[in-house]
Amino acid sequence: MGERRSAQDESVLQEREDSYINASEQQFLSEGIIDYDFRLDGRGPLDYRTIHISIGEVLSASGSARVTLGETCVLATVKTAIKTPSKSHPDFGFIEFSIDSSPLTSHKHDEEEDESRSPQEARSILQSVYQESGGVDRRKLCIVKGSKCWALFFDLIIFEKGTSLLDAASLAVKAALFDTKFANVTVVEDELDQFEVEFTDDPYDYWQMDATSVPVVTSLHKIGPVFLVDVTKEEQVAANASVVIATNSKGTLFYQNTDWKGSQFGFELNLIDEAMETACRAAAHVDSRLMSALISLPPPKSWKNTLL
Amino acid sequence: MAAVSGEVMVQRSAADGSQNDDVEMREVHISKPNTVRNDQIYIPGDIILDNTEGQWMDGHGSYYSVLPGNHSEIIASVAGLRQIFTRVVVVDPLKSRYSGEIGDIVVGRIIQVGRKSWTVDVGAQRHAVLNLGAINLPGGELRRKTEADIGFMRRYLQEGDLVSAEVQKQGADSQLLLHTRSLRYGRLVQGMLLHVQPRLTKRGKGHFVSYETFGVQLIIGVNGAVWIAPTQKQMNVPLGLDAGEQQRRVQQEDYPEEEEITLCITEEDAKKFGAKDKSKEHTTLPQKPAGSSIASLEVRKCMARIKNCVEILNREQVPIHRESIRILYDASRRYEPKELLIPSVAKEVFESVRQDLREQNPTA
């Protein structure tokens, strides 16, 4: 009672408060999954909770989407700009990511977490999926080879950080890209062989990128021999391994990573195939549902910012 | 092979220009309602009452503000509902931490084993304390706690263990002191915990709920922690009692043998557990206790349904008690437990019993 704890102890305890479950709870949770394929909330291993996506919320952005997946909530916005392509890839556009997890947006946020690598790790994974591995066809962003190209700046804000952050972030990126309106431009060449880009005056004269084959990220967690999608926090704690993949509708693999969580029961070799196959099926399902929902939406009308 | 399922719902925000081409400046109405409904929610900064004549006093969650021209107002400082006691205006917050009262039944998690006491997280502003003197130890209620008992504290309750307990008293600095000196309280094993808003779990009679027909038992902690577990002979493991668990710890930590037999509280249990202990002395597996899994699929389905029902009640701001859970449970029977996670289904089920739920009195 009279004991005084240091601030550091306090923060360790705070962290536990949220995610710690004891061995007995873990055993109870795992048993249902292993014996009956039955999770604590009644879902089967491959059942997602309903994913909510709202696009076009940010008026000042060229495209935006907010994704809610379980407790996780991520907003992605796209800003478009004209840039000069790099010398090494003269016919490629640019894609840049930044992820921010603001303390104002969640009551669960604490500074410790901000210091951790997690959002930065997510940023580098997204960067590698969408830019380096060619998840987005950057040739489509070229305007004049070697001189002018589009640059896409993806700014992600984590409103609430739950599980499956990467899944939600990739869905937000894909939906935001689908929503992005590129103004049609005319290129004028002046006397000095320099190119000038002129935007159209017509606010309805725009084009949109085909986002169908843009990849989505799917993470699976493994409890016993069972793979789970869209895990809860408790399941994440109880899981003994996880796999993260990025695939698109054509089945191309853009990223893959397995995490053994330092456990002796990591991935048995024969389970890797099953894990990949399951993850691809889950990704295909989410991707097809996302695309069919996106296509049924009415198209946006103006490329100009409504606020301007 | 199991099929992947799950829906993606996409909407275009109404704020997008696609709905109306030009941004329309809508007229902004700032209205002060003349008649105040009792269920109106005030947010911080809202004017609750005009206090020019000085007839009101500011209570919890509200403050008094003097404006130029001899004008003054009572303003809300938290989001919540207004309550007026004679002259005092109080805003009852919608979302708040648990504040304990003596006699509350709470479910908490051990977060620290200290000297002579455990620190328990009950979701209050400060962590609660469970003193070594406030638990029943093997060997009788009135036994003196010795130095040896202090040494064995971690064997009764470890970090991460869940306990049900009662608030014994409130310290001067609003720190709660707990006790588990009853067979009803103790360590909770094999089940799941969920958190709801503490204001929905009102103090009342039925905090220990048993749905015998479903084989499920509940502890609805006043602090908003709800424990759902399959019915066992004892849902709570009185501290240092559970035979299999105890034996496991004994084997792991070389607990003195003679203590083990006196760990049971009633003689009947002592015989039962004592007999069992010997029979499976050499066959205990730490991972899985003897027999198959603790809960059958049927029981797990009931638990999942109860869990989802409690979460709907929590979302819809309805008091959570034995009857409200039962009403929603019955109404949800035509759906699979997992279908209750779909917002439209949850809404439909809830709407079908909204009236029944409203008529329920939490203390009944």
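Q: Is F97(A) buried or exposed?
A: In this predicted model, F97(A) has a relative accessible area of 5%. Buried means under 20%, so F97(A) is buried.

Q: How are the rings of F97(A) and F154(A) arranged?
A: The ring centres of F97(A) and F154(A) are 4.9 Å apart, and their planes meet at 10 degrees. Planes under 30 degrees apart count as stacked. The pair F97(A) and F154(A) is therefore stacked.

Q: How many residues apart in sequence are the parts that the pair F97(A) and F154(A) ties together?
A: F97(A) belongs to strand 4 (residues 94–100) of chain A, while F154(A) belongs to strand 6 (residues 148–160) of chain A. F154(A) is buried, at 1% relative accessibility. The pair ties together parts whose separation in sequence is 57 residues.

Q: What is the angle between the ring planes of F182(A) and W207(A)?
A: F182(A) and W207(A) form a stacked aromatic pair, with 4.3 Å from centre to centre. F182(A) lies in strand 7 (residues 182–183) of chain A and W207(A) in strand 10 (residues 206–207) of chain A, 25 residues apart. The angle between the planes of F182(A) and W207(A) is 15 degrees.

Q: Which residues do ring pairs link into a cluster with F182(A) and W207(A)?
A: Over all chains, the count of aromatic pairs is six. Ring pairs join F182(A) and W207(A) into a cluster with W150(A) and F199(A).

Q: Which residue of chain B has its charged end over the ring of F28(A)?
A: Within chain A, K83(A) lies over the face of F94(A), 4.5 Å from the ring centre. Over F28(A), the charged end is 4.3 Å from the ring centre, and it belongs to R300(B).

Q: How far apart in space are A165(B) and G221(B), C-alpha to C-alpha?
A: A165(B) is part of strand 12 (residues 162–170) of chain B and is buried, at 0% relative accessibility. Its contacts include D104(B), L178(B) and Y185(B). A165(B) and G221(B) are 56 residues apart in sequence, and their C-alpha separation is 9.0 Å.

Key:
Residues are numbered from 1 along each chain as its sequence is written. Chains are lettered from A and ligands numbered from 1 in the order in which they are written. This is a predicted model: local features need pLDDT of at least 70, side-chain atom pairs count only at pLDDT 80 or more; totals for chains, interfaces and linings use all residues. Side-chain values use heavy atoms; hydrogens and water are left out. Rings of Phe, Tyr and Trp (its six-membered ring) pair if their centres lie within 6.5 Å; planes under 30 degrees apart count as stacked, over 60 as edge-to-face and the rest as tilted. Helices (H or I, at least four residues) and strands (E, at least two) are DSSP runs, numbered from the N terminus. Buried means under 20% relative accessible area, exposed over 50%, partly exposed in between (1.4 Å probe, protein chains only). A charge sits over a ring if NZ of Lys or CZ of Arg is within 6 Å of the ring centre and within 35 degrees of the ring normal. Contact means heavy atoms within 4.5 Å. Lists of a residue's contacts leave out its neighbours within four places in sequence.
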